[in-house]
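Okay, thanks for coming, everyone.

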Amino acid sequence: MISTATSNSRWREERIREDEILRYIPGGRDFIDGADIPGLLSRETKAPDRAEVREILAKSLSVKDLTLEETARLIRVTDPALLEEMRAAALQVKLKVYDNRIVTFAPFYLGNYCVNRCAYCGFNEDNVGAKRKVLNEEEIRREVAVLAGEIGHKRLIVVYGEHPRNDVDYIAKSLETIYSVRVKTRNGFGSIRRVNVNAPPFSVGDLKKIGDVGLGTYQVFQETYHKETYARMHPKTTIKGHYPWRLTAMHRAMEAGIDDVGIGALFGLYDWRYELLALVAHTQELEKRMGVGAHTISFPRLVPALNSMIGPDWPYLVGDEEFKRIMMIIRLAVPYTGMIITAREKASIRDEAVHLGVTQMDASSRIAIGGYSDCVTEQDKVKQQFILGDTRSLDELIRDMASRGFITSFCTAGYRCGRTGKCIMDLLRSGTEGKFCKLNAVLTFQEWLDDFATDETRRLAQPLIDREVAEIRAKNPQVLDIFTGYLERIKKGERDLYL
Ligand code: SAM
Ligand code: SF4
């Protein structure tokens, strides 16, 4: 009989396909080498003057990508008055491209077995104290029943460790299960309409299998683009220790026909300036080589985890003020790319983040495996990858966003109408997508209020919908009849209507 350790190590060896890496690293030089980030950071040592900054901001405001040099210049700004101008410009860019919408989702952890040993993660294989679990089909259904039937989520990001127990077949099957659940709600029914995946890098063949069952966005975070730090964090003998396999994950995803890819860096592992430029270089590389840039950028910041090897005196931890700068510079550098902030961050930072350009955030998040249906509300380091900073419910978040003038959108229509990949990026660039999105955001917001909101939230949010309808009447009168017709049908209990 083959031992588990032997079969796991064979599984490990079979995963990485050198040929699927090398075609994206011509001559052995990848795009991070090509971007020469250390050179850029040392060349751009002088803070730019007011005129230079304003010229760069004007470019962002016309919804054009910044170059790496321009982004490096913004990184150098320290003058409080100029930082304030950057902050105002980031909000303007966001409102221009995404209007006052914020998209919401929930994280859903399906399995925490992992063969890797990332120095910062509670799922690290060496972490013998971690409670391990992979959800079976029945348990997945139970979790989705809470997510879609009690909380009201329509969009999930499902998360997996890297392990034979949650391999590609398990992932594909779990997506099918999630999409199949339909639950009765107060006035209609609830279901999950878009499932995004945060998983390890795969081969093109494996990615096609996941793509075939209706994958939304495929996310892989590089963690750190800085090679020496990457090697320190991820032992060489592990799959994750293979930097180029991870760096080319999104190239393979696009080769496999996955339109929407999400990149990210784990801020706090290395110098944030380096990581920020590398993220911009990554999306530029995808656009240049694969025809479309990243659909979303994530910027998780390190938080405490069980037996994390990174202590409070690690030199690269990112403070709140720096973190806010990171967000606004990303918004300015890539004006139409989705930006995701998760509940790792505390509520006050997330509230500010929507004014700095963020477009998506989770709520009512539970990250222990099986955490939605087991109803345990306190956080548990032994079961979770890390500890959450914002434990607000979706109802509370929606109320807080409404009081700031933001509509929470549950819209997933664009993807189901084929508005993905290059198509959606072009629509966002031209401002056309915003028109569809606004209508669908209002329809889905109304649906959620009818099905799930507390009285207090409905009382606060309903005037926002009325204001939006008035705006549609004034600015988009040709769609008013069809739109108000849909709104009435939703109020009568029809669900999942979109334009
Ligand atoms: N196992 C897969 C992988 O590593 O690609 C995906 C799932 S992993 C659970 C999702 C992400 O969580 C990682 O890519 C990493 O950026 C983030 N993460 C891990 N440990 C963290 C910590 N202590 N604080 C904040 N984020 C963390
Ligand atoms: Fe495993 Fe991902 Fe955690 Fe690394 S970050 S230990 S790969 S779950």
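Predicted model: local features only at pLDDT ≥ 70, side-chain atom pairs only at ≥ 80, totals over all residues.

Residues are numbered from 1 along each chain as its sequence is written, chains are lettered from A and ligands numbered from 1 in the order in which they are written, and side-chain values use heavy atoms, with hydrogens and water left out.

So, how many salt bridges does a search of the whole structure find? It finds 46, counting a side-chain nitrogen of Lys or Arg within 4 Å of a carboxyl oxygen of Asp or Glu.

Take Asp 260 and Arg 194, which pair up at 3.4 Å, N to O. Asp 260 lies in the loop between α13 (249-255) and β7 (261-264) and Arg 194 in strand β5 (residues 194-198), so the pair ties together parts 66 residues apart in sequence. Helices (H or I, at least four residues) and strands (E, at least two) are DSSP runs, numbered from the N terminus. Both Asp 260 and Arg 194 are buried, meaning under 20% relative accessible area with a 1.4 Å probe, protein chains only.

Next, Asp 362 and Arg 350: their closest N and O atoms are 2.7 Å apart. Asp 362 sits in strand β10 (residues 360-362) and Arg 350 in helix α16 (residues 347-353), so this bridge ties together parts twelve residues apart in sequence. Asp 362 is buried at 3%, and Arg 350 is buried at 1%. Both belong to a salt-bridge network whose members include Asp 390 and Arg 404.

Technical notes. Buried < 20%, exposed > 50% of the residue type's maximum accessible area, 1.4 Å probe, protein only.
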